[in-house]
Amino acid sequence: MPLPPQLIDRLQGIVGREGLLLDGDVHARTTQGMRPEPLRAGVLVRPKTTADVSAVLKLCHQARVAVVPQGGLTGLVHGTDAEEGDVILSLERMNAVENISASQRVAVVQAGVSLQRLQEAAEDAGLFFPVDLGARGTATVGGAVATNAGGNRVIRWGTMRDSVLGLEAVLADGAVLSSMNQVLKNNTGYDLKQLFIGAEGTLGVVTRIAVRLREAPVGRAMGLAALDSFEHVIALLKHMDRGLNGTLSAFEVLWDDFYELVTTAPALSRPPLPHGHSHYVLLECLGGDPTRDQERFESALGEAMEAGLVADASIAQTERDCAALWAMRDDVQQMGRFGHPFAYDVSLPLANTEAYTHALRAGLHAAFGEHRCWFYGHLGDGNLHVVVQVPHPDAAAHAVVDALVYEPLAAQGGAISAEHGIGLDKKAWLHVSRNPVELTVMRRLKQALDPLGILNPGKLLPD
């Protein structure tokens, strides 16, 4: 049902004419991600301040109108979908880097700042923000907080949760909870910021964030290793992590068919190592002494080859080589050449990963016969990406693949989402990773902070 004109007039009174989009201007935008679809809501508001957000939420709370927060729209689980009678609240105009303290190593930013802009601002101050995603130019800091994004370097610096010192959030009724802590150690009771990290906008709208910065690395060593068994993958992770003395920043594993896909025309990359090995591992070391870090990296990789863990290796010699390795790893669009993909990101104990992949391939073959299934991911932190393509990718097929991917995780202590969030796509499977008491507590939190259920309704929590 369309919103009443008087409510739209009051929203415009809060954000101004330039801050309000209606009907066709809203529908011209898309949800982006791997499945671009037009936005369905008829109203989109673009506040510029926390006070604006507060006024919008207070008004919508009084009118019992649903509000769907949106950031960079790079999500993959339909976590920001809106219906016709909803108000979309976009943080795109709240995009200021408010302050960077080089001595405290803290940045204060508004939620609409892109990850790349924060990284560049930190770099200008001689510092480093470690959370990094392929969509860094579009994904926002607020969105990364809302989904507890991970990315490429979780093995060393953790997820977004590990970089947030404090935040400001607007609750469903418009109340502003300002918990902008900027010190590393603060043991003063409930850590309220944690309620909003990973909550996907269902408990409050994050508007400002204080993030922890690190000293900027001054050197990078990278290489690609070819391995002939998954047992060697596990052993190589332990060997390199120990040998690099805490500087291992990425450990990306590519299964053989994915590696062949992204290094064969029409893909732009060419194989740094020959095809034919079972697994390929992209390794990155970020350190503070370029010469010694490179020597340590080459020594550790050489020892792995001598021990029989690595069958072949290629070491990057320049920053251009490093960029080329990452470009190869990130060229996931190649899978789209074969039709509509079902994409998953899960996590499970490393020791269980090989058996899980074999069982999934067998299950897909039994269910569909001919199919495609690719595996790759941030295996250093247990995050496995799974992309499946079947001959007729309809809703029924999707449900079958969901069950094959998710059901085995319950017995393994795995997670149905390692970094993409829950949204609409995964909420029916949340019980695989959360027990009944956890789900009850989550619902109680939602009821306490959003009793009318207006914030991003229908997302995350199972019906």
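**Close-up views of a predicted model**

View 1. Helix H11, made of residues 353–368, lies across E13, E16, E17 and strand E18 (383–389). Take E17 as your guide here: H11 runs at about 160° to that strand. As with every view in this set, please keep in mind that the model is predicted.

**View 2. Seven strands form an open sheet.** Follow the strands across the sheet and you will read the order E15-E12-E14-E13-E17-E18-E16, with antiparallel pairing. At the edges stand strand E15 (312–315) and strand E16 (342–347); each has a single partner strand, so one side of each is left without a neighbour in the sheet. From one strand to the next, the twist averages 15°.

View 3. Strand E13 (residues 248–255) and strand E17 (residues 372–377) run antiparallel and are joined by two bridges.

View 4. Which helix gives the most to the lining of the second largest pocket? That is helix H14 (residues 436–449), with four residues.

View 5. Arg444 counts as exposed because its relative accessibility is 58%, and the cut-off for exposed is over 50%. For a sense of scale, Arg444 and Val176 are 20 Å apart in space, C-alpha to C-alpha, and 268 residues apart in sequence.

**View 6. Val109 is a buried residue of strand E6.** Val109 lies in strand E6, which spans residues 106–110. Is Val109 buried or exposed? With a relative accessibility of 0%, Val109 counts as buried, since buried means under 20%. Setting aside neighbours within four places in sequence, the residues in contact with Val109 are Ala96, Val97, Glu98, Leu118, Val141, Thr207, Arg208 and Ile209. Val109 and Leu449 are 340 residues apart in sequence, and their C-alpha atoms are 24 Å apart in space.

View 7. Most residues other than glycine have a negative phi. Leu73, though not a glycine, has a positive phi of about 60°. This residue lies in the loop between strand E3 (67–70) and strand E4 (87–90). Leu73 counts as buried because its relative accessibility is 13%. His78 lies in the loop between E3 and E4 too, and its phi is positive at about 55° although His78 is not a glycine.

View 8. Most peptide bonds are trans. The bond from Ala265 to Pro266, however, is cis, with omega near 10°. You will find Pro266 in the loop between helix H8 (256–262) and strand E14 (279–287).

Notes:
Residues are numbered from 1 along each chain as its sequence is written. This is a predicted model: local features need pLDDT of at least 70, side-chain atom pairs count only at pLDDT 80 or more; totals for chains, interfaces and linings use all residues. Side-chain values use heavy atoms; hydrogens and water are left out. Buried means under 20% relative accessible area, exposed over 50%, partly exposed in between (1.4 Å probe, protein chains only). Two strands pair if DSSP finds at least two bridges between them. Axes are lines fitted to C-alpha atoms, for helices over the stretch in contact, and angles run from 0 to 180 degrees between N-to-C directions. Contact means heavy atoms within 4.5 Å.
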